[in-house]
Amino acid sequence: MKVASWKELGIAALIALLAALVPLVFDAYWLSVSVTAMMYIALCTSWALFSGPTHYISLATGAFFGIGGYLVGTGMSDYEVSFWVMAAISPIVATLLAALIGLATLRLSGVYFVIFTLGLAEMIRNLVSWIQNNFLGSRGLYVLTDFTESHIYWMLLIIACFVYLLGWLVARSRLGFALKIIGNDEAVAKHVGINTAMSKVILFMTTGFFAALVGAVIAPRYTYIEPNQVFSPELSFLVVIMALLGGAGRLWGPLVGVIPFTLIWEFVSIQAPNSTTLFLGVVFLLIVYVLPHGFVGRIEQLNKKLREGRS
Amino acid sequence: MDILVSGLLLAGTYALVAMGLNLQYGVARIMNLANGEMLVLGALASFWLFVSAEISPLLAIFLVAPLSFAGNWLIYRFLLRPLVKRSKSQGQLEVDSILATFGMSFILVGLMLSIHGAYFTYEFLTQPITILGSIVALNRFIAFLIAVAIGASLYLWLNHTRPGTAVRAVAVSPEAAGLVGIDVAKMSAIAFAIGGAVTAVGGALISTFITLDASIGIIFTMKALIIVIMGGVGDIRGAIVAAIILGIVETAVATLIDPGLTLAAAYLIFLLILLFRPQGIFGRRPT
């Protein structure tokens, strides 16, 4: 067991090293696709940290991501704060928000949590637009930095590695063990003395932190920030789909989901921009009815069959 | 006063839609997040009938109701029933049904966008009338009356007929209902279908006085969910009170502060409910 988990970490490090070479090999178009993919890898892996073991479907990613991007935008164009300071502040704000949401909803059943996060990005967007229109004046927010796509890509890669490492550590800690029990049966978890609400809130805060950090780091890519664009509910759904498509039960699951999905999504958005919503719906149904445990579930099923066939 | 009257009129249709969702979640145990899309589909149907064939939305209801009943029955029977069968626990079913209905809502939005991508605007009964000293459009008042009529007959059906009692029995406990000879699968399907039909009719009514578009369903899903939770799952009386509160608060926020903040106001109510009365206004604390 110990050896296998170190091996897993070794493979991950090797993949990360190879991934770091991408900007040196790819042309501009493929680099931009890779940046998108890397963004989703970081977002999905951090999403799965919380939702994987607990089975609570969080749709708050868009809200946290938006906070990251929007705060970087406001900080840099309205208050002339440097990018780095804002990139450090915004995840903290998102973490605090996640703590509040978690404390209000995670003590109750999972449905309330899903519903609360469902409209969250939209609600914050309305609130931010209202504040901007009435108190700050609706000026555009510019994020002007010297970063190239390659820089953004490498920063996202570092975040993704951090998330992965954190997930690896959590899975081997008391907290990770507690979450697994909560996911299997919350009543049992309570009876053996686990503070279920607290464990969930802490994990939810970490996903909030990373989603905002990714939002902040990717902001320079858009140059011009608008609440309507950064607080996108669609992003939350994309993250859920990609993570589940890969399989949220394993740390490397989201990775297997993000890469094929990003490529197909890119293709669909260019070929049939009007049917993207329809396509999303079809993939959702596909996950529920055909791939309930994602690609990872299928791969492990095949593995098991192969092994049984051999012996 | 103006706020109270138009808030109350809005609450009528909200209560109707929440009743539909309540049947689906309370009886069929399906957290239907495609509920808002069903509402928009009803609205689109009545808009389309009005624009292309000049059929009054009040007549369109009679077409929308049976069609959406059949559609929802089919959805339950062929898409959701397998999930109910395969799930080992309520939690598992909740996750599955949430994801599946998300899928359906996206598919519906996609289809509706391809049918009619613009706003559903038409003018129907826009002449002003005076109620309790405030001026409102006739269409709002008519929609309110119809919503109340449908809601009342649904209430009577649930409480004073045999099939209605069977539906309520399933809501209380599917296992016990099965023991006394109620066909739980059939009753769940019927409850889900009625819930969908009621929601679609609510959509047709709302379309007479609010301009909708294909992708607005999710907002109505949120509102219906907030009403159901505020009222307590399965509690019709609670849902009506909750709808009135939401209707009035929304109207007040829209007139006094800014129409863009109605969702934020709904969230505030939601948050207060979660913090202080998660079991619903009239609900008892679980022991």
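Me: How many helices and strands does chain A have?
Reply: The model under discussion is predicted. In its chain A, two strands accompany the helices. The number of helices is 16.

Me: What radius of gyration does chain A have, and what would a compact globule have?
Reply: The C-alpha trace of chain A spans about 70 × 50 × 40 Å along its principal axes. For 311 residues, a compact globule would have a radius of gyration near 19 Å. The value for chain A agrees with this, at 20 Å.

Me: What percentage of the residues of chain A count as buried?
Reply: Among contacts in chain A between residues at least 6 apart in sequence, 80% join residues at least 24 apart. Of the 311 residues in the chain, the share that counts as buried is 47%.

Me: Is helix α11 of chain A largely enclosed or exposed?
Reply: This helix covers residues 196-222 of chain A, and at 1.5 Å a residue its 27 residues should span 39 Å. The end C-alpha atoms are 39 Å apart, which agrees. Just after α11(A), T223(A) takes a positive phi of about 60°. Because 21 of the 27 residues of α11(A) are buried, the rest of the structure leaves the helix largely enclosed.

Me: How far apart are the end C-alpha atoms of helix α7 of chain A?
Reply: Helix α7(A) takes in residues 120-136, 17 residues in number. At 1.5 Å a residue, these should span 24 Å.

Me: Which helix of chain B is included in what covers the buried residues of α7(A)?
Reply: The buried residues of α7(A) are L120(A), A121(A), E122(A), M123(A), I124(A), R125(A) and N126(A). From chain A, their cover includes α4 (61-78), α6 (110-118), α12 (227-230) and α13 (233-246). Chain B contributes α11.

Me: Which element gives the largest share of the side of chain B that touches chain A?
Reply: The contact takes 30 residues from chain A and 32 residues from chain B. On the side of chain B, the elements that give two or more residues are α4 (90-115), α9 (217-231) and α11 (262-276). By class, this side has 24 nonpolar, five polar and three charged residues. The largest share, 17 residues, comes from α4(B).

Me: Which residues is I241(A) in contact with, leaving aside its neighbours within four places in sequence?
Reply: I241(A) is one of the residues that touch the most other members of the largest nonpolar core. With its neighbours within four places left aside, its contacts are F261(A), L280(A), V283(A) and F284(A).

Me: What radius of gyration does chain B have?
Reply: Chain B has eleven helices and two strands, and its C-alpha trace spans about 55 × 45 × 35 Å along the principal axes. Buried residues make up 52% of the chain. A compact globule of 287 residues would have a radius of gyration near 19 Å. Chain B agrees with this, at 18 Å.

Me: Which residue takes a positive phi in the hairpin of β1(B) and β2(B)?
Reply: Strands β1 (residues 128-131) and β2 (residues 134-137) of chain B pair in the antiparallel sense over four bridges. Across this pairing, T130(B) stands opposite I135(B), and I131(B) has S134(B) as its bridge partner. The hairpin has two residues between the strands, and the one with a positive phi near 50° is L132(B).

Me: Does R77(B) count as buried, exposed or partly exposed, and why?
Reply: R77(B) lies in helix α3 of chain B, residues 57-86. Its C-alpha atom is separated by 22 Å from that of L63(B), 14 residues apart along the chain. A residue is buried with 20 or more C-beta neighbours within 10 Å and exposed with 12 or fewer. Because R77(B) has 16 such neighbours, it counts as partly exposed.

Terms used: Residues numbered from 1 in each chain as written. Chains lettered and ligands numbered in written order. Predicted model: local features only at pLDDT ≥ 70, side-chain atom pairs only at ≥ 80, totals over all residues. Contact = placed C-beta atoms within 7 Å. Nonpolar A, V, L, I, M, F, W, Y, C, P; charged D, E, K, R; others polar. Core = buried A, V, L, I, M, F, W, Y, C linked by C-beta atoms within 7 Å. Rg over C-alpha atoms; globule rule 2.2 N^0.38 Å. Pairing = 2+ DSSP bridges. Expected span 1.5 Å × (residues − 1).
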